[in-house]
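The structure is shown first.

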Amino acid sequence: SAFLSRKIGTLDLSASGLGSGVEMIISLLFLETLASLSKEQIIILIDEPELHLHPQLQEEFVQYLHSLSSEKQIILSTHSPFFYKNCIGKQNIELLVTTCDDEKCIIDNTTVSLQTFPWSPSWGEINYFAYNLPTIEFHNELYGYLQEKNSAYSQQDIEKYFTDNNIPKTKTWIRVNRNDSQQPEKVTLMTYIRNHIHHPENSNNPQFTQEELKSSIEVMLELLK
């Protein structure tokens, strides 16, 4: 007949009324405490602990689980970049990514892949390499880093770098001049996407597709090898 509650002012809320994420954390704490009383070795397995949790709570929950891992074995699966980011570089934590197709599943330690930039790992890297999610943030990082590495700070310079590496100009970007006249120019896919990201006010150019974003990222990653 026991129950857990939280008093907010004059309102007494049961744990089940505080939201699914809080209820899940309380259940875990209760079970972990109960299991600890047995004095046996404990293995904690959690499937997607980030469910129903605010990003800030996800980060705090990672820290709590990390403190438990000094005495207990913890195994969890996650789709949260917040969990992944907060586990990188921590002692005694192994980060694995599973990739499955129709025939087999491959499990890799992808922390070796998260070395694209001097400031790695970035959110863009994590989302791309851990979750196969191409983002405009990762595209921006790659484009800017290629400019920095090759001292190609203007569009003309970076386009010359791309074409010198046998990347064709397959897209047409319509530039709007000060007198509102339109000036079309042939550019590479990378520069087209970069211009679209940096100039959302220019409505004369069709939105790039997710497939084009992924293809552009793959080309730039190849150039950095």
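Predicted model: local features only at pLDDT ≥ 70, side-chain atom pairs only at ≥ 80, totals over all residues.

## Largest pocket

The largest pocket holds about 760 Å³ of space. Its lining is made up of 25 residues, and Leu 76, Ile 93, Glu 94, Leu 95 and Leu 96 are those nearest the centre. Two or more lining residues come from each of helix 2 (55-68), strand 4 (73-77), helix 3 (81-85), strand 5 (97-100) and helix 4 (123-131). Strand 4 is the main contributor, giving five residues.

By residue class, the lining of the largest pocket has 15 nonpolar, eight polar and two charged members.

## Second largest pocket

For the second largest pocket, the volume is about 220 Å³. It is lined by 15 residues, and Gln 155, Arg 175, Arg 194, Asn 195 and His 199 lie closest to its centre. Helix 5, helix 6, strand 7 and helix 7 each provide at least two residues of this lining.

The lining of the second largest pocket divides into five nonpolar, seven polar and three charged residues.

## Strand hairpin

Arg 175, one of the residues closest to the centre of the second largest pocket, stands opposite Gln 183 in strand 8. Strand 7 (residues 171-176) and strand 8 (residues 182-187) run antiparallel and are joined by six bridges. The two strands form a hairpin with five residues between them. In the turn, Asp 180 has a positive phi of about 70 degrees.

## Nonpolar cores

The largest nonpolar core contains 25 residues. Phe 138, Leu 142, Leu 146, Ile 158, Phe 162, Met 190 and Ile 217 have the most contacts inside this core. Helix 5 (136-149), helix 6 (155-164), helix 7 (189-198) and helix 8 (210-224) each supply at least two of its residues. Of these helices, helix 5, helix 6 and helix 7 also each give at least two residues to the lining of the second largest pocket.

What is Leu 146 in contact with, leaving aside its neighbours within four places in sequence? The partners are Ile 158, Tyr 161, Phe 162, Met 220, Leu 223 and Leu 224. Ile 158 and Phe 162 are themselves among the residues with the most contacts inside the largest core. Another core, of 19 residues, lies apart from the largest one and includes Ile 25, Ile 46, Val 97 and Leu 114.

Key: Residues numbered from 1 in each chain as written. Heavy atoms only, no water. Pairing = 2+ DSSP bridges. Helix = DSSP H or I, 4+ residues; strand = E, 2+ residues; numbered from the N terminus. Core = buried A, V, L, I, M, F, W, Y, C linked by side-chain atoms within 4.5 Å. Buried < 20%, exposed > 50% of the residue type's maximum accessible area, 1.4 Å probe, protein only. Contact = heavy atoms within 4.5 Å. 1 Å grid on protein atoms, 1.4 Å probe; cavity = no way out; pocket = protein on both sides within 12 Å on 5 of 7 lines; lining within 4 Å. Points joined across faces, edges and corners; volume = space filled by probe spheres on them. Nonpolar A, V, L, I, M, F, W, Y, C, P; charged D, E, K, R; others polar.
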